[in-house]
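Below is a walk through one protein model, taken by disulfides, strand pairing and aromatic contacts. Keep the structure in view while reading.

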Amino acid sequence: MARLISICIWLLSVVDSSQISSHLIIGILGKSIMLPCSLNSSAPVVPARLTFYWTARLKHQKEDQVVHALYNGKENNDHQFPFYRNRTQIFKDQLSSGNFSLLLKDLRVEDDLTTFFLFYHQEDGNYNTLNQNKEMCLTTVKVAKSYHKPIVTVNYEEWKAECTSQGGYPKPRLTWTNQNGLLDPEVPQIVQDPGSGTMNISSTVNITENQTVTCAIFNPTLKETLNTTRSTGEEQVGLSSGIKAGIGVVAVAVIGSALVFVCWKSESCNCYLSSQLSFMSQRNLLNEYHDIKQLSLCHSREHATEWCRYTGDGPTTT
């Protein structure tokens, strides 16, 4: 064990971060990622005499940290950095073929821009070094997650459009455009979720009538763009139609209330109410608006009786 600790300390002291250059791998937040590592050597690999350390240089740590350790063919993670506990896996059945790859599970935002590398050491039966490499398989991980499709809403009172999206990583680039090109929005508001580390973004821009605006969210790591387009003219048409429909419903309701009041003291009021309930349950209120207007004639007994004869919901005798 003392030998293991001394090798680990020596490893962390001899590696100069300025000397490291690595290739890039993109991983998805919450998923697993494989850090590939294969030994190119003519000498056979003997797992029982093999020692290696996967090591990480994190953004917010001054010293390199042990990610996963194998000592003389046996896994030993007594000195593993707690951040990686239960998150790493090697493939012992493939060590003899030179596969030293590491599976890193449950990617987190703290893994973003972390550089991983492997220290490899093999001895013979007399503890003589056969092979050694201090900086194998240099890999930098970038973590990302797709944003939700942006949602654009329009405030016609202030003539502003708002674009919102959430659940992505890293910070996106947000742009507004219309028929004539780029718009100048207010400064986007970006908030990071304290639990997942993902980003939520919102942005507003001034708009005019009969304008088509597009909000685009660009993820710089995934090179992915999501956009949503809204036409203020079309939305206003829908708004006007809704107002007209609302006015029609209110008008019918007022007429119905007036009819009930007029017929309240009429001997045929029971007839009217019965026919009205039947009428309302079987016909569309707005489409039968002209029939309701005719009910205003119910102010006289003769007309009310005639209506009951027509609907079959009351006395039929004169």
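A residue counts as buried when its relative accessible area is under 20%, as exposed when it is over 50%, and as partly exposed in between. The model is predicted. Under that cut-off Tyr-120 is buried, because its relative accessible area is 2%. Phe-100 is buried as well, with a relative accessible area of 0%.

The structure holds 7 aromatic pairs. In one of them, the ring centres of Phe-100 and Tyr-120 are 5.4 Å apart and the planes stand at 35°, so this pair is tilted. Phe-100 belongs to the loop between β6 and β7, while Tyr-120 is in strand β8 (residues 114-123), so the contact ties together parts that are 20 residues apart in sequence. Tyr-156 and Trp-159 form another pair: the centres are again 5.4 Å apart, but the planes are at 90°, so the arrangement is edge-to-face. Trp-159 is partly exposed, with a relative accessible area of 27%.

Ring pairs also link Phe-81, Phe-83, Tyr-84 and Phe-116 into a cluster.

The next topic is the disulfides. A disulfide is a covalent bond between the sulfur atoms of two cysteines. The count here comes to 2 disulfides. Cys-37 and Cys-137 form one of them, with their sulfur atoms 1.9 Å apart. The torsion about this S-S bond, between Cys-37 and Cys-137, is about 70°, so the disulfide is right-handed. The bond links distant parts of the chain, 100 residues apart: Cys-37 is in the loop between β2 (33-35) and β3 (50-57), and Cys-137 is in strand β9 (residues 129-144). Both Cys-37 and Cys-137 are buried.

Cys-163 and Cys-215 form a disulfide with a sulfur separation of 2.0 Å. For Cys-163 and Cys-215 the torsion about the S-S bond is about -75°, so the disulfide is left-handed. Here the bond runs between two strands: Cys-163 lies in β11 (residues 160-168) and Cys-215 in β16 (residues 212-219), so parts 52 residues apart in sequence are tied together. Cys-163 and Cys-215 are both buried.

β12 and β16 pair in the antiparallel sense over 5 bridges, and Thr-177 stands opposite Thr-214 in β16. β12 and β13 form a hairpin with 2 residues between them.

Another sheet includes β2. This sheet is open and has 3 strands in the order β2-β7-β6, with antiparallel pairing. β2 and β6 (88-89) stand at the edges with a single partner strand each, so one side of each is left without a neighbour in the sheet. β2 is joined to β7 (residues 102-104) by 3 bridges, and Leu-35 stands opposite Leu-102 in β7.

Terms used. Residues numbered from 1 in each chain as written. Predicted model: local features only at pLDDT ≥ 70, side-chain atom pairs only at ≥ 80, totals over all residues. Heavy atoms only, no water. Disulfide = S-S within 2.5 Å. Helix = DSSP H or I, 4+ residues; strand = E, 2+ residues; numbered from the N terminus. Buried < 20%, exposed > 50% of the residue type's maximum accessible area, 1.4 Å probe, protein only. Pairing = 2+ DSSP bridges. Phe/Tyr/Trp six-rings, centres within 6.5 Å; stacked < 30°, edge-to-face > 60°.
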